Amino acid sequence: MKKAWTIALNTFHESLRKKTFYILLVVALVVIGASRFFSFLAAEDELKMIKDVSFSTIEFFGALIAIFTALAAVSGEIEKRTIYTLLSKPITRSNFIIGKLIGQSLIILLNVALMSIFFIGLLFFKKSPPDIQTFKTIFLIFIELILIGSITLSVATFATDAFNLIFSFFLYIIGHLISYGTQMLERIENVVLQRLGNMLYHVIPNYENFNIKDKIVVGVDVSWQYVGQTTLYGIIYIAIAVLIGIHFFYKREV
Amino acid sequence: MALIETRELSKVYTLSSKKSVTALNNVTMSIEEGEIFGILGPNGSGKTTCLKLLLGIIFPTEGEISIMGQNQYSVVTKKNIGFLPENPYYYDYLTGPEILKFYGKLFDMPPGIIRERTDSLLELVNLNNAKNLSLKHYSKGMLERIGLAVSLINDPKILILDEPTTGLDPIGCKETRDLLKKLHDSGKTILLSSHFLSEVERVCSRIVIFHKGNLLTTGTLESLLEEYKAENLEDLFVKAIRKFDSETGQTEEDAINLQSSV
């Protein structure tokens with residue numbers, strides 16, 4: 001675990017040096033900041049708007065950072081040939097993948113923390129301090145982002161960057177729409193299609209599970225039980241993604 | 001005692017369903033403890049492939065590898081190996097001491113030992129004055145030297161060096177040769193791959209010549225010069241390659257060695 005941690009810290013520091021991280025962060029902060037200019041709305045609606053825009057921005061730009069960091073984590077090491085010196089050292093390939101996952105999760109954490117601090121500052125500025133529901137929403141977004149990153153990392157162990165990028169974005173969209181998809185499938189009479197839909201529903205992570213902002217924004221509380229269950233759901237998917245990544249990385253020649 | 005052994009080691013890369021390239025073909029060799037063993041061969045002869053196989057970075061198509069009695073993937077074995085890749089590239093935002101600390105940690109070395117080794121290695125490779133410089137400001141020669149320091153951080157029993165003098169000026173080459181002799185005197189087993197004949201001639205106790213993935217010949221320089229009736233290593237090298245090409249009927253144009261796998 002110490003070796004994985006060493007790789008994680010290195011991944012974190014290297015990702016911090018990437019311009020992409022700062023560009024996405026600055027754009028996200030600008031979007032969050034811009035949400036306060038909806039002052040023509042009634043005070044209550046303005047707060048809803050700030051929360052809605054901010055949660056969406058943290059989630060969307062966080063997803064971009066998670067995908068780009070994970071993409072660079074494996075292919076960057078191969079392209080720059082730093083992988084040769086790493087794998088010639090007494091580390092296992094699972095040390096490498098777990099280290100990369102922890103490293104990119106630290107970057108995601110930093111990114112979510114910075115955007116959240118800005119957002120919470122905005123709430124204080126509007127004299128509406130955040131409640132525990134706000135933190136629950138941010139926490140579930142964080143788990144979702146780690147899941148998105150872990151899937152991209154896993155695919156990076158066997159696929160090209162171009163394929164991985166398209167796949168990750170496609171999955172991001174499908175993962176958010178899958179609930180609607182299954183509702184539509186229920187109306188289809190074809191049994192084969194229904195079964196296929198059901199299979200996909202159970203294989204593809206349902207990112208909407210992590211989305212509680214719609215409830216929080218309108219003042220509906222989400223229970224700790226739901227947060228716990230959804231976290232567990234996320235952890236199971238992350239574990240499966242990492243195991244698949246490790247499996248393929250053990251077979252990969254660099 | 002053989003420290004490293006390969007038995008009928010082959011590596012075939014599949015390019016498509018009909019084409020494959022044999023990078024290494026049925027190589028059996030052994031490297032004894034305490035020797036400087038040179039792998040010689042033209043570009044594309046299979047030297048780097050052989051080293052990557054020994055380090056477990058790529059996987060053999062056929063054959064076996066034994067390093068200190070274990071297979072090449074063993075973490076225990078790797079604790080005793082230092083590796084310098086060809087044209088080494090490291091995380092260029094780190095300084096020399098930082099890069100040594102990073103790799104030292106991967107060997108589970110205590111911080112105090114890493115500090116001690118860092119100081120002595122930076123002095124050994126003459127990079128003490130560049131301590132605060134990040135690697136992106138290093139010249140090619142400096143990168144080669146920090147690479148050598150990285151390969152020595154764990155005080156390895158086996159040192160595997162892939163073209164260690166590439167990019168070095170004549171003084172740098174001489175310093176590297178002197179260093180290799182010093183390391184050899186301290187009991188290290190060194191496996192050195194190079195296409196610079198003079199370098200190999202001066203430092204290696206035993207050599208092997210690779211060509212188109214095949215092991216042409218192996219032995220001490222003296223015994224091979226006698227066997228091939230050659231005047232020097234260059235002459236020996238040319239004779240061994242020509243002999244192989246005439247025996248197999250291959251020409252220089254076959255160098256890519258594309259074969260039909262069907």
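Student: How does E64(B) count by relative accessibility?

Tutor: Start with the scale: buried is under 20% relative accessible area, exposed is over 50%, and partly exposed lies in between (1.4 Å probe, protein chains only). E64(B), at 47% relative accessibility, counts as partly exposed. R7(B) is partly exposed too, with a relative accessible area of 35%.

Student: What should I know about the model and its numbering?

Tutor: This is a predicted model, where local features need pLDDT of at least 70, side-chain atom pairs count only at pLDDT 80 or more, and totals for chains, interfaces and linings use all residues; side-chain values use heavy atoms, leaving out hydrogens and water. Residues are numbered from 1 along each chain as its sequence is written, while chains are lettered from A and ligands numbered from 1 in the order in which they are written.

Student: What joins E64(B) and R7(B)?

Tutor: Side chains of opposite charge can pair when their charged atoms come close. The rule for a salt bridge is a side-chain nitrogen of Lys or Arg within 4 Å of a carboxyl oxygen of Asp or Glu. E64(B) and R7(B) meet it at 3.3 Å, N to O. E64(B) is in strand 4 (residues 62-67) of chain B and R7(B) in strand 1 (residues 2-14), so the pair ties together parts that are 57 residues apart in sequence. Helices (H or I, at least four residues) and strands (E, at least two) are DSSP runs, numbered from the N terminus. E5(B) joins R7(B) and E64(B) in a network of salt bridges.

Student: Where in chain B do K212(B) and D245(B) lie?

Tutor: Take the bridge itself: the closest N and O atoms of K212(B) and D245(B) are 3.1 Å apart. K212(B) is in the loop between strand 8 (206-211) and strand 9 (214-219), D245(B) in helix 9 (residues 233-248), and the pair links distant parts of the chain, 33 residues apart. K212(B) is buried at 5%. D245(B) is buried at 9%.

Student: How many salt bridges run between chain A and chain B?

Tutor: Two. The search over all chains finds 15. E253(A) pairs with K11(B), closest N and O atoms 2.4 Å apart. D108(B) pairs with K3(A) at 3.8 Å. D108(B) lies in the loop between helix 3 (96-106) and helix 4 (111-124) of chain B and K3(A) in helix 1 of chain A, so this pair joins two chains. D108(B) is partly exposed at 34%, whereas K3(A) is buried at 10%.

Student: How much area do chain A and chain B bury between them?

Tutor: The size of an interface is often given as the accessible area lost when the parts come together. Here, buried area (accessible area, 1.4 Å probe, lost on putting two parts together, summed over both) is about 2,700 Å², 62% of it on carbon and sulfur atoms. In chain A, K89(A), P90(A) and E253(A) lose the most, together 23% of what that side buries.

Student: How many residues does each chain bring to the contact?

Tutor: Contact means heavy atoms within 4.5 Å. Chain A brings 27 residues and chain B 28.

Student: What does T49(B) touch?

Tutor: Leaving aside neighbours within four places in sequence, T49(B) is in contact with K11(B), Y13(B), A23(B), L24(B) and I58(B). T49(B) sits in helix 1 (residues 47-54) of chain B. T49(B) is buried at 12%.
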